[in-house]
Amino acid sequence: MSLSSNGSLPLSNSDSWASYFPQTKSGIALVFLLYSPGIVVILNVIWQWIRPRKPNEPPVVFHWLPIIGSAASYGNQPLDFFFKCREKYGDVFTFILFGRRVTVALGSKGNNFVLGGKSTVLNAEDAYTHLTTPVFGKDVVYDVPNEKFMEQKKFVKVGLSTENFRVYVGMIEDEVEHFMRHDVSFDVFQRNDINEWGKFDVTNVLAEITILTASRTLQGKEVRSGLDKTFSQLYNDLDGGFTPLNFLFPNLPLESYRRRDRAHQTMSQFYIDIIKKRREGGDDHEQDMIAALMQQKYRNGTPLRDHEIAHIMIALLMAGQHTSSATGSWTLLHLAHNQEVADALYQEQVKYFGTPDGSLRSPTYDDFKNLPILDAVIRETLRLHPPIHSIMRKVRDDVTVPATLAAPSKDSVYVVPKGHYVLACPAVSQTDPLVWKDPSVWDPLRWSDPEGIAAQALKTYVDENGEKIDYGFGAVSKGTESPYQPFGAGRHRCIGEQFAYLQLGTIISTIIRHVELKIDQVPEHNYHTMITMPKKPRTIYYRRRKFD
């Protein structure tokens, strides 16, 4: 063998690396590693083309990667993904989500199919317990049979009484005003300068305000007095276990999972200690949720155990804080971007609460029934930004999709097999251009038209004279066929929606009374969190009102 003119070894076909690799086992392995991802993708695509499809099987969304499926498209922009799939496949289709086969049913009829289905067939516990139980705790919510969960919801409703709501309004207002007068986020407001503009991160501020107001009202005075840095860290660690990652992969050996478990144990004991002291002391406590739950018994006469009360309280804290802070953030962002609506909302406050000396009196619970602009602002925000965009159920037995929703032919219907998941997306119904005029536009005026789609949708959702069902926690409007479902529908409809409206109404009213708001544009959605939040930057500029 001789050297080439430049001193290197000549490369013939027999001596090239390409011809050398196949002649060795390690070379074959290396070639396989280099080309196997592409081979897997090609085989996956070919299989989707040639795989025989059963006539009653919903169409499967095309995907390049096996197992992973459509996870990226769904996770980044779920609504865009669903709308595009609807154009191609119709209202019923199946997509692959990290090995799960998820059949989506869109529109009002799709919501009714999923949310109105029997719990023995379309089951929420099987879909969510691996996510919620480590955070909320054992023996509550999705860690118990559906019948027991319905009883627990009934117990919670006892604490969500009108009598308590009347007291809560003043408490919430006090907390918001105290926050604005003392937190560094409102330093310009505190200097009493009506000319200078300050700024705050709306999501951070609303997260703090909602947990303060919820702890002052529902959670009880011991919880409110215990809101120090230690409790805040516990909450953050627990919150770190309530993410899409935890939903998809519940048992990863990550430090965030371990912090979640430690935080739950500590917070659970925190509540149990409060309950024990109350039982031992016999003191007269405010009618908060702990007091209400301590008085409840199951149908078999068994009282709620201390750890069950503690875990229900954790569930209320986590679920309520997320949804209210998200909705409050979106509301303030839109008000900051729509000066006319913000001004109209402020003038509504002046009209109903103005006094001869120019100040504004505090609202009462009954006052909120007479504030149509505030009501429309909150409802429109919930329409455009529902906290949860997707609701899943696991299929326990083969279930037939109603022919009125989707039928592949005259002689057959779709069937979703046992072990698969079904998914409803109220966010699609609430922004569907086939239903709503200018669906992507935040327009509270749409709720003032008594004959408009908004009023009709709301009537279907909450009409007192409509169809009502008692799932075990009191009769509620079924609401599963409404295109407007910000708090879910059916047996798992959120029982805290009245408190949420009260809490949001009081927070928004109090802030808008004291400051003007402005922002250049409303941020986009961040779909990488369990609750749909605004992306950064989410900074709002504020200025103290002249007559505050």
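**Aromatic contacts and an annotated cysteine**

Ring pairs join Tyr74, Phe81, Phe82, Tyr89, Phe93 and Phe95 into a cluster, where rings of Phe, Tyr and Trp (its six-membered ring) pair if their centres lie within 6.5 Å, with planes under 30 degrees apart counted as stacked, over 60 as edge-to-face and the rest as tilted. The model is a predicted one, in which local features need pLDDT of at least 70 and side-chain atom pairs count only at pLDDT 80 or more, whereas totals for chains, interfaces and linings use all residues. Residues are numbered from 1 along each chain as its sequence is written, and side-chain values use heavy atoms, with hydrogens and water left out.

By the pairing rule, the count comes to 29 aromatic pairs. The rings of Phe270 and Tyr271 have centres 5.6 Å apart and planes at 70°, so this pair is edge-to-face. Phe270 is partly exposed at 25% relative accessibility, whereas Tyr271 is buried, at 0% (buried means under 20% relative accessible area, exposed over 50% and partly exposed in between, with a 1.4 Å probe and protein chains only).

Charges also sit over rings, a term that requires NZ of Lys or CZ of Arg within 6 Å of the ring centre and within 35 degrees of the ring normal. Arg493 lies over the face of Tyr461, at 3.7 Å from the ring centre, and the charged end of Arg545 is placed over the ring of Tyr346, 3.8 Å from its centre.

Cys494 is listed by UniProt, in an unreviewed entry, under "binding site"; such positions are given in the numbering used here, feature names are shortened, and annotations may be inferred rather than shown by experiment. Cys494 lies in the loop between β10 (475–477) and α21 (497–514), with helices (H or I, at least four residues) and strands (E, at least two) taken as DSSP runs numbered from the N terminus. With a relative accessible area of 35%, Cys494 is partly exposed.
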